Amino acid sequence: MAEVTLTNANFENEVLNSDKPVLVDFWATWCGPCKMLGPVIKEIADENPQIKVGKVDVDNEPELARKFGIESIPTVIVFKDGKQANMSVGFRPKQDILALL
């Protein structure tokens, strides 16, 4: 499944009201570790149709970053049944990200 670009406008519908777990990557274009994690997140999205994968560009969506207390990027948050279930900050290998699910 393709990654979904998340915004303040679609976050509630795409994440909080999702019927499957959602992995959300908070990132920025200028962030080196984010660039390293990007391909890993894409692989997870492509290989796991049972989950939804979304990306939040913190520069474009500062309200979402504030709402979820994002202080460092990349930050990955897993939502289940509309609630935050797990979180990881910084670059992590694929197996560590999958373990959050």
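Predicted model: local features only at pLDDT ≥ 70, side-chain atom pairs only at ≥ 80, totals over all residues.

Me: What radius of gyration does it have, against that of a compact globule?

Reply: The radius of gyration is 12 Å, which agrees with the value near 13 Å that a compact globule of 101 residues would have. The C-alpha trace spans about 30 × 30 × 20 Å along its principal axes, and 43% of the 101 residues count as buried. The accessible surface comes to about 5400 Å², with 51% of that belonging to carbon and sulfur atoms.

Me: Switching to aromatics, how many pairs are there?

Reply: The count comes to four aromatic pairs. One of them joins phenylalanine 11 and phenylalanine 68, whose ring centres are 5.2 Å apart with the planes at 40°, so this pair is tilted. Phenylalanine 11 sits in helix H1 (residues 11–16) and phenylalanine 68 in the loop between helix H3 (62–67) and strand S4 (75–80), so the pair ties together parts that are 57 residues apart in sequence.

Me: Are those two buried or exposed?

Reply: Residues under 20% relative accessible area count as buried, so phenylalanine 11 is buried at 2%, and phenylalanine 68 is buried at 16%. Phenylalanine 68 also forms an edge-to-face pair with phenylalanine 79, at 5.3 Å centre to centre and 80° between the planes. Because phenylalanine 68 lies in the loop between H3 and S4 and phenylalanine 79 in strand S4, that pair ties together parts eleven residues apart in sequence. Phenylalanine 79 is buried too, at 2% relative accessibility.

Me: Which residues do the ring pairs link into a cluster?

Reply: Phe11, Phe26, Phe68 and Phe79 are linked into a cluster by ring pairs.

Me: Now lysine 52, where is it, and is it buried or exposed?

Reply: Lysine 52 is in strand S3 (residues 52–57), and with a relative accessible area of 13% this lysine is buried.

Me: What is lysine 52 in contact with, leaving aside its neighbours within four places in sequence?

Reply: With those neighbours left aside, lysine 52 is in contact with Met1, Val4, Glu14, Ser18, Lys20, Pro21, Val22 and Leu23.

Me: Last topic, the backbone. Which residues does a cis peptide bond join?

Reply: Most residues other than glycine have a negative phi, and most peptide bonds are trans. Here, a cis peptide bond with omega about 0° joins isoleucine 73 and proline 74, and proline 74 is placed in the loop between H3 and S4.

Me: What about the phi of aspartate 81?

Reply: Aspartate 81 has a positive phi, near 55°, although it is a residue other than glycine. Aspartate 81 is found in the loop between S4 and strand S5 (83–89), and counts as exposed at 72% relative accessibility.

How values were computed. Residues numbered from 1 in each chain as written. Heavy atoms only, no water. Rg over C-alpha atoms; globule rule 2.2 N^0.38 Å. Buried < 20%, exposed > 50% of the residue type's maximum accessible area, 1.4 Å probe, protein only. Areas by Shrake-Rupley, 256 points an atom, 1.4 Å probe, with all protein chains shown as cover. Phe/Tyr/Trp six-rings, centres within 6.5 Å; stacked < 30°, edge-to-face > 60°. Helix = DSSP H or I, 4+ residues; strand = E, 2+ residues; numbered from the N terminus. Contact = heavy atoms within 4.5 Å.
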